[in-house]
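Try each task before you read its solution.

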Amino acid sequence: MTNTGGGLGAPPRTALPALGVAAIWLFLLVFLVYPLARIFYDAVTDEAGRLTVAHFVEFARDRFYQRSLVNSLLLGLGTVAATSALGFAIAFLLVRYEFVGRNLFSYLTLIPIISPPLVGVLGFTFIMGRAGTVNVLLMDWFDLVRPINFVYGVHGVLLVETLHLFPMITLNVVDALAKIDPALEEAAESVGARGWRKLRTITLPLTTPGYAAGALLVFIWTFSDFATPLVLGVHDLLAAQAYLNIVQFVDRRLFRMGIVISALMVVLALGFLIAARQYVAIKDYSSLAYSRVARRRLSGLRQALVVVFLSLVMLASFVPYLGVALASVGRGWSLTPFPVQYTLHYFERVIVETPKYILNSFLYSALAVAIGIAVGVPIAWLLARTRIPGRDTLDGLNTLILAIPGTAIGIAYVRAFHFDLPGLDRGLTSFWIILPLVLAIRRLPYTVRGSYASLLLVHRSLEEAAASVGATGVRSFRDVTLPLVWRGVLVGALFSFMTSLQEASAVLFLSLGGWETMTVGIFSFYIAGSANEAAALGVILILVAALSVVVINRVAGARMGGMFG
Amino acid sequence: MRKIALTVLVMVLVALASGAALAQAPIESELVLITPVSKFIHDAALKAFADYARERYGVTVKTSGLPAGTPVAYGRIVEWKGKPEADIFWGGESALFEKLADQRLLQKLELSRELWDSIPPAIGKPKPIHLKDKDGYWVGTALEPYGLVYHPRRIQRLGVPEPKDWDDLLNPKLKGEVAQCAPTRSSSSNATYEVILSMYGEDKGWEWLRKLAANTGHFTARSRDVPTVVAKGEYAAGFAVPSYMAFEEKLAGFDLKFVAPRNAFVTPEPMAILAGARNPRAARAFIEFLLTERGQMVFMERGLFPITPKYKVQGSPGSTAELAVQFTGGLRSYFDTEVSNVYDEGIAAKRSEALKIRFRSEIEAVWKKP
């Protein structure tokens, strides 16, 4: 870094950054604010474009919708409660106690979350369904005439979501627990607060921010997931109704109701976001120092209990993977505990015959990550290093993205970008670039957060030193800051990449012939009745995601929790 | 952009290969369908057409299918407002095709006289099922009944006789064991509801349908899911399933049976070229191909029936065509028998709105999982 007069010939210091800031705002306005505004506009106007609240009145009067709203809220809360119990317990065990296989378990905890949409629940039905392995064995052993209904119904949705999402709580709580200064707890003990009292007065309050962020994500996820309930035959939920009403186009009234429900979901998500606002805005990472935790060694019996408990949870949350793996190679699997005939035909079909799913997925996700870095790293820099006006709004918009249901943003894009682009005679929705764009917006928070956290760890004095030898803002960013923050950026990027590969809800509405990604492929195979091909694609997706997790873990250490919050 | 680049590439390659000037290409090198007809059929049809186009016209056609349920496909075509992202609409009820033609969203097929005349105008008594449009906007491609499927081993375990007729689904022992798709989401379900209402009359028909709902354990999100869940054995029987979807499961190695009860709705799987289609010549060539013997073979090997009396489902012993004949109850052609049909296209079109509303209020809103 020899800055021999580098700053002297540079353009005026404010012109370029100002242009950059304007570009970032323009991007967010066009691809985030405008589409959302558009569905609200649609929700309050009729076909002729007149303002009306009739749709909301209709929603409020319809008993089926009322029930859907109540069910969605209850399901969301139920899942939060269940994942909290499970997630907290596991986090506590992992951070505070030493037992056989602790490292392995802390690793395995990550795995349930990478289960792609639709495939997870399909895998579940293969094992736990009415004709799943468990029921078949029960019928064979006990001569049961009617299978036990483990999954079809709201209870099934709760089960599937809980086993899928509890790591979100675990990761956040582990992250928070690891940051608690042991001195605080020792102090509590010294004044006689032990056991529950210490937990209630010291430990829980300190983990609340991390926990609240995780809980919000679990809630929003469950609230906006339509694939799981539909596979399990549950239609009276808001997300399912939004999806079903929109994908049937014929009845314009229902179609409009689908948009209204989407808008309503965004409003509700916003409400929850504001309620949890103080916890989920970009956290103050200045206390990012992880404390060394002294783990308590457990007695033999207790250790055995812990290992059994964790093994059972892991076993249950691995059920979908087992089901998917078997379905991807099993032919004509019906009413036997395991497939009788095996074939690689389904893999051949999705890899050799139609490689487009995999190619498209990688192309769009990579582009999304590139866009995300181009927009996200500067945003993180603005948030961490400047006091420019609108900084809070920028932070707010970023956090808002986490809360918007994918379905809603997909629909918003369809409505917002359908008009003909000047000189092109077709709308943006006719070009495949819209897919990487929507993915980039959806995953932007991860890049921003990853970079933001690293930026805070880079001491300002380094940049000041660069400036003192004449480097401009841009130049010191490139030569000093970037080399130091690449790790955070990379983690954010990898995480965005992995979750982009998994994205289905927003993409599903926008995908046209030839643009299918793996998740869209999973949906179209499933819809076309070929659950096996869907499973084969699912296995590939799971493997890619698992690989990404390994890499992320290598790069980021145990800090993945920060990504979700 | 990529599409354009690919198209250009393909065009250049074709030009190099044949040495022909681009302008003289007899058909375009791309073809896109939007269709509720499942991948099993439409992929096979597109592949067969691509081979045919290469031989017949020396053109390599890049084909693709946009799978969409009938209502969705219809809705997207309307949304496209004459600037469609697809060339051909295929499948569903013919009434929707007439609605599209009224909105000027279809173009006339203009097939050769000989081909057009090889398809009879209608079959079925007392009500006719039209096999082509009198104004020439759509043409039927294959015939298929919407019947029942069941899982023989599950049925046996429940101690129920194998279903032969609609009423067999109301057996109390089948409580919670029937799968169906809501008529609001599936045209095959809608058509079968219509058949029930025509057979029993409005009031008794709805009573029948409510009883069926009481036996229903699962309303699937899509009609295609019905044979899937029955094939797997999740549910014992399914309602309103197109024959080929059931046959696809059979070919995939599942043990399930199909039966078309009396008055089962028979669809001609209509096909039309969208107004403003980017590849109108390829689209027409595709339709012409499907109506030839080679095209009809694609259907006959997959559980559908020929649209013209010229051909019958036939193959060497052990062939999939013969398996299909066995699977669908021994029938080789709908022109060999008297087709009984009570589905009235006019009434159905008029009643469809009311049917959906009534389903929503009388079944969907009150249905509880048994």
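**Exercise 1.** Find how many bridges join strand β10 of chain B to β11(B), and in which direction the two strands run.

*Solution.* This is a predicted model.
- Step 1: locate β10(B) at residues 178-181.
- Step 2: count its bridges to β11(B); there are 4.
- Step 3: compare directions; the two strands run parallel.
- Step 4: check one facing pair. Ala179(B) sits opposite His218(B) of β11(B).

**Exercise 2.** Decide whether strand β11 of chain B is enclosed or open.

*Solution.* 
- Step 1: take residues 216-220 of chain B.
- Step 2: apply the cut-off. A buried residue has 20 or more other C-beta atoms within 10 Å of its own.
- Step 3: count. 5 of the 5 residues are buried, so β11(B) is largely enclosed by the rest of the structure.

**Exercise 3.** Describe helix α19 of chain A: its span, its kink and its surroundings.

*Solution.* 
- Step 1: α19(A) covers residues 434-457, which makes 24 residues.
- Step 2: from first C-alpha to last, α19(A) reaches 35 Å, close to the expected 34 Å.
- Step 3: look for a bend. A kink of about 50° lies at Arg443(A), shortly before Pro445(A).
- Step 4: 23 of the 24 residues of α19(A) are buried, so the helix is largely enclosed by the rest of the structure.

**Exercise 4.** Judge how compact chain A is.

*Solution.* 
- Step 1: list the elements. Chain A has 25 helices and 4 strands.
- Step 2: its radius of gyration is 25 Å, close to the 24 Å from the globule rule for 565 residues, so chain A is as compact as a globular protein of that length.
- Step 3: In chain A, 50% of the 565 residues count as buried.

Definitions and conventions: Residues numbered from 1 in each chain as written. Chains lettered and ligands numbered in written order. Predicted model: local features only at pLDDT ≥ 70, side-chain atom pairs only at ≥ 80, totals over all residues. Buried ≥ 20, exposed ≤ 12 C-beta atoms within 10 Å, placed from the backbone. Pairing = 2+ DSSP bridges. Rg over C-alpha atoms; globule rule 2.2 N^0.38 Å. Expected span 1.5 Å × (residues − 1). Bend = angle between axes of the 7 residues up to and from the residue.
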